[in-house]
Amino acid sequence: MLGEKALEMEKRLRFIKEKRKHSSLSEMREFQKNRAITLPPDAKKEVFNVADVEVEKITLPNSKEESALIYIHGGGFRNGFASNGYWLCMEIAKVTGQTIYGINYRLAPEYTYPVAFMDSLSVWRSLMRNGVKPELSTFIGTSAGATIALSVSLYARDHGIPLPSSIVLSSPYVGRGIIPTEHEIENDAILDWNGEEDNPYFSTADYDDPYAYPILGDYFLFPKVKLFASEKEILKGHSDKLAEVFERDKVDYSYSVDKDLWHAFLNADVPENMKYVEETIGFIISSFSENKEK
């Protein structure tokens, strides 16, 4: 059962879900931009560009330049900003000492597949050229951002590009034909289910492309993965299917499912989520330790 703060947040999310039905895409982008959290006084923010992609670098007093937390935001490939996930990133970075890099990849429908994942890949390659060590770094993605994190990781593995020591995925979309249950449809506070609706991002993707639809990929020689989903979201089946593929390919992963929180809840500053944030921190630190032992 959710406490008062979580119930209030869920109510707010349902308000936004309804607002989205009556707002233009530009209005929703402006709305999301204005939801960015205020950084604490000891956090420093720097904005730079990598091949036309805006990157926000955030450092805390304990940040290490060689250790990166690469955050890839959600928003259905059409909306959202890196700044929407900075509460989560700072909770992690305060303990791990990682420097936060939020990627504002280009959005659909103006830019379609594979732009979002190639933007993110370009940033990752640039960071490594500038001293970031993969063995001390993490990809973390929520919703569409989790899909992109998988796309980048699969492509990097296939093309000899170093991978980070760990990957954190919160409610990814992984492919076509995965139908939610009635319970998931009725209780999702964020996403609507309108059948197998085509997202404009995928309008230029082939149906058999594993970089577009990660459920089609194989995951041999993959880093450690932490996967999160909710019983109250229409994408839970996607995480379930992904976990099956991880089992098949013997990925070192763990999978946490919450029965009360919502889609991509890992970003939520509510007491019910703190155990998952702590799990994530422990998971990332353990990936560092394992790399030192190799």
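**Group meeting: two helix contacts and the overall fold**

Hi everyone, let me start with a crossing: helices H4 and H5 cross in a right-handed sense. Before I go on, please keep in mind that this is a predicted model.

H4 covers residues 115-129 and H5 covers residues 144-158. The two pack at an angle of about 65 degrees, and their axes lie 9 Å apart. So who is touching whom? On the H4 side, the contact is made by Ala116, Phe117, Met118, Ser120 and Leu121. H5 contributes Ile148, Ser151, Val152 and Tyr155.

Now over to helix H2, residues 25-33. Which of its residues are buried? They are Met28, Arg29, Phe31 and Gln32. These four sit on the same side of H2, because they cover an arc of only 160 degrees around the axis. As for what covers the buried residues of H2, helix H1 (4-21) is included.

Let me zoom out to finish. The protein has eight helices and eight strands. Its C-alpha atoms fill a box of roughly 45 × 45 × 40 Å along the principal axes. For 294 residues, a compact globule would have a radius of gyration near 19 Å, and the protein, at 18 Å, agrees with that. Of those 294 residues, 56% count as buried.

Thanks, everyone!

Methods. Residues numbered from 1 in each chain as written. Predicted model: local features only at pLDDT ≥ 70, side-chain atom pairs only at ≥ 80, totals over all residues. Heavy atoms only, no water. Buried < 20%, exposed > 50% of the residue type's maximum accessible area, 1.4 Å probe, protein only. Arc of directions from axis to C-beta. Contact = heavy atoms within 4.5 Å. Axes fitted to C-alpha atoms, helices over the stretch in contact; angles between N-to-C directions. Left-handed = near helix turned anticlockwise from the far one by under 90°. Rg over C-alpha atoms; globule rule 2.2 N^0.38 Å.
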